[in-house]
Each structure stands twice: as structure tokens, then as C-alpha cells.
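Take a moment to turn the model around before reading on.

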Amino acid sequence: MAIALVATAISFIIGTLLPGNPPALQATDNPATAAVQAQNLKQNLTVDPLAKEVRDSQTGFNLDRAIEELLTVLESQEKRLTFVPPEHFQGKVIFEGKVNDSDKVIALTVDDGPWPETTEQMLDIFKQNDVKATFFWIGKSLESSPEIARRVVAEGHAIGNHTWHHWYDSMDDATVANEVDRTAKLIYETTGVKTTFFRPPGGVLNNGLAKYAKEQNYSVVMWSVTSADTDPRAQPEAFVNNVLKGAKPGAIVLMHDGGGDRSRTIKALPDMIAGLKKEGYRFVTIPELMEIQQNEA
Ligand SMILES: [Zn+2]
């Protein structure tokens, strides 16, 4: 929001004080759009130094400084919105983090959303417990719930790509590329997020998707513990037990916020978090987990 305001202010100044120079910035909440606009503005702006001095003294508004400040904000925002694995993990398949036994970190991962109701309920629980997780989105789901997606990003969770259609079968090269790239494009357009974390639907590693993702320097993120929350007959208590039983330092936990009725997952989640906290675990995102592994190596 702050960016949109600054952008509007700069746009106004240019529009009023430099007639003939059309406003280069338009109010936008999309950080990616704002970044492009600011860069274009900086490159294209040619101002007569004398006119600039008069303008600055008249308005008390230093355009150069305002643009610099805007760019600084945008840079830090871009950093926050860019999820790239450390080099060591690029083009690799990862099942868990290899960390010191004394380092009780665990990564919750959430697949198949964003999804009406359940994703937001999950976000509420994460917020109450100060937990950051990693969400692997399906393009099709994202298309239906862009607002929920923006909330996930705003609340500081990490994002990964989970294909457009969630297909399991082998695909030809063009379909594979489309499944990954179309999703990446919509993630960026919707949230400003660039991510090269990928999870293949169903964990299928031999249908062409994982191969393509690796070639594109994605990290292919599997899991070491499943809550088994897609089992239609299991009770929420079983999800909790599955996770507590499989937990170990560096574990990657699989659960779902979308793709069907996930009310049982929502029911299980507070107990799951409480149980892990009781055992001394702290919650990290997948990018954080990789960074910890790298720093300990
Ligand atoms: Zn999935």
C-alpha cells in the first residue's frame, strides 16, 4: 500500500510540474508492476536541471530522493518475494533437511491450495502459533482464489509451484513445460512471487515434470513425513500421530489445504503444532531449512 501511495505522489508531481511528460507511474498494489514502473521512470526521466531545482524548491519534494527511497523499498520487497534455493540445492530432489541432531527444526508444507475457507483457517492457526510454512500452489486453484494467495504471501510464508492441473501421468515435453511455466507465471502475476521450489503432484518423479523442473534449476521438494491427511477414513488424531511419530530434526511434513474437504486437517493442525512445540521443535520454511543445512555443512 505504501508503495502505491509513493508511486501516486511521484506520478502527481510529474504530471503537474512537467507538462508534456505523461505520468509514468500508476497506482498499483502489485509490487512487480510497481518495480517495473519505477525502473522505467528512472531510465526515461530527463529533467532540465534548472526546472528540477525550481520544482524542488517550490514543492519541497525531492523527486530523485523519492525515487531512490521507492527503489529501496521495492528491492527489499523483491527480496522478500523471491524464493530461490541455495545453489547446492538447485536441480536436486530433496526429501528432508540434513541438519545437526541438536537443531530441532521442522518444515511444514501445505499442498494443493489456495483453497476457500481451509487456507484462511490454516493461516489463522499459523499466525496464532507464530508458525511459518511453505505452500505449494496449483495454478488452477490459484486462479480461483487470488485474494487468499495474496494473504498467504503477506503473512510471510514461502511459496512453491505444484503445477497447473495436478496431473500424475506421463506428459509430452510441451505439456510438462506448460504445467510448470504457466503456474509460475500466474504466481508472479498474482503475488509478485518468483519461486524455483517445485513439488511434483503425488510425489511422482518419473512423468517428466521433475526432470523439467530440475533442468530449470528448481529444487524438487518431496517430504519425509506425511500426515496422510488425504486418507478419506482417517481421523484427525491419526494425522497428529503420524506427524509426531515421524518428526526429527530437518523433517519435511506433508499436509493439504486444498483439493477437497480439508476440515480434518484444520482440526488436527493445532494439536500437531502443540505436540511438536512440546518436543522442542521450531518451524522453518523450506528455503530457511536449506539455508540452515548449508550453514551447518
Ligand atoms: Zn498435490
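The side chain of Asn207 reaches the backbone nitrogen of Leu209 at 3.2 Å, and the backbone oxygen of Tyr168 at 2.8 Å. Such polar contacts are pairs of N or O atoms within 3.5 Å; within protein, one must be able to donate a hydrogen and the other to accept it, and residues adjacent in sequence count only if both atoms are side-chain atoms. The model is predicted: local features need pLDDT of at least 70, side-chain atom pairs count only at pLDDT 80 or more, and totals for chains, interfaces and linings use all residues. Residues are numbered from 1 along each chain as its sequence is written, and side-chain values use heavy atoms, leaving out hydrogens and water.

Helices (H or I, at least four residues) and strands (E, at least two) are DSSP runs, numbered from the N terminus. Asn207 counts as buried because its relative accessibility is 3%; buried means under 20% relative accessible area, exposed over 50%, and partly exposed in between, with a 1.4 Å probe and protein chains only. Leaving aside neighbours within four places in sequence, the residues in contact with Asn207 (heavy atoms within 4.5 Å) are Trp167, Tyr168, Asp169, Ser170, Met171 and Val176.

Are His162 and His166 buried or exposed? Both of these histidines are buried.

Next come the charged pairs. The structure holds 13 salt bridges, each a side-chain nitrogen of Lys or Arg within 4 Å of a carboxyl oxygen of Asp or Glu. In one of them, the side chains of Arg199 and Asp111 meet at 2.9 Å, N to O. That pair links distant parts of the chain, with Arg199 in the loop between β7 and α9 and Asp111 in strand β3 (residues 105–111), 88 residues apart. Arg199 and Asp111 are both buried.

Glu155 pairs with Arg151, their closest N and O atoms being 2.7 Å apart, and Glu155 counts as buried because its relative accessibility is 17%. A network of salt bridges links Glu120, Asp124, Lys127, Arg151 and Glu155. Arg233 and Asp231 also form a salt bridge, with 3.9 Å between the closest N and O atoms. In that pair, Arg233 is exposed, with a relative accessible area of 67%, while Asp231 is partly exposed at 28%.

Tyr188 is partly exposed, with a relative accessible area of 30%. The C-alpha atoms of Tyr188 and Thr82 are separated by 9.7 Å, although these residues are 106 apart along the chain.

Finally, step back to the whole chain. How many helices and strands does the chain have? There are 12 helices and 11 strands. Of the 297 residues in the chain, 48% are buried. Among contacts with a separation of 6 or more, 77% are between residues 24 or more positions apart.
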